[in-house]
Amino acid sequence: MSHVAHELHEEFPEKAQAIHALKASNAHFARLAEEYHSLNRTIHRMETEVEPADDAAVEALKKKRLALKDEIAGLMTGL
């Protein structure tokens, strides 16, 4: 599969170590990160037409991904 944009370590390159540490130490963060990763892969499959979807479905998933990203960023504030 081709490169998937929007991976957490690319969205927050300066927080790569914090992301790894939080995944290991914080179950809530780990669940959010996994949900973000799964959603990001689904969006990528839809955008590359591997998985069929209409524009409205893709946009709805992108909004959900953005909300997850915002929540993840909030958990990393101050790290």
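Thr42 has its place in helix α3 of this predicted model. With a relative accessibility of 16%, below the 20% limit, Thr42 counts as buried. Once neighbours within four places in sequence are set aside, the contacts of Thr42 are with Glu51 and Leu61, and Leu61 is also among the α4 residues that meet helix α3.

| Helix | Residues | Residues at the contact, among them |
|---|---|---|
| α3 | 27-47 | Phe29, Leu32, Tyr36, Leu39, Thr42, Ile43 and Met46 |
| α4 | 55-76 | Val58, Leu61, Arg65, Leu68, Ile72, Leu75 and Met76 |

The axes of α3 and α4 lie 10 Å apart and form an angle of about 150°; because angles over 145 degrees are classed in this way, the two helices are roughly antiparallel to each other. Their crossing is left-handed, and the contact of α3 with α4 comprises 13 nonpolar, three polar and seven charged residues.

The largest nonpolar core of the model has 13 residues, and those with the most contacts inside it are Leu8, Phe12, Ile19, Phe29, Ile72 and Met76. At least two residues of this core come from each of α2 (16-25), α3 and α4, while the largest share, six residues, is supplied by α3. Phe29 in α3, as well as Ile72 and Met76 in α4, also belongs to the contact of these two helices. Leu8, when residues up to four places away in sequence are not counted, touches Ile19, Ala33, Tyr36 and Ile72; of these, Ala33 and Tyr36 in α3 and Ile72 in α4 take part in the helix contact described above.

Note on methods: Residues numbered from 1 in each chain as written. Predicted model: local features only at pLDDT ≥ 70, side-chain atom pairs only at ≥ 80, totals over all residues. Heavy atoms only, no water. Axes fitted to C-alpha atoms, helices over the stretch in contact; angles between N-to-C directions. Helix = DSSP H or I, 4+ residues; strand = E, 2+ residues; numbered from the N terminus. Parallel < 35°, antiparallel > 145°, perpendicular 65-115°, else oblique. Left-handed = near helix turned anticlockwise from the far one by under 90°. Contact = heavy atoms within 4.5 Å. Nonpolar A, V, L, I, M, F, W, Y, C, P; charged D, E, K, R; others polar. Buried < 20%, exposed > 50% of the residue type's maximum accessible area, 1.4 Å probe, protein only. Core = buried A, V, L, I, M, F, W, Y, C linked by side-chain atoms within 4.5 Å.
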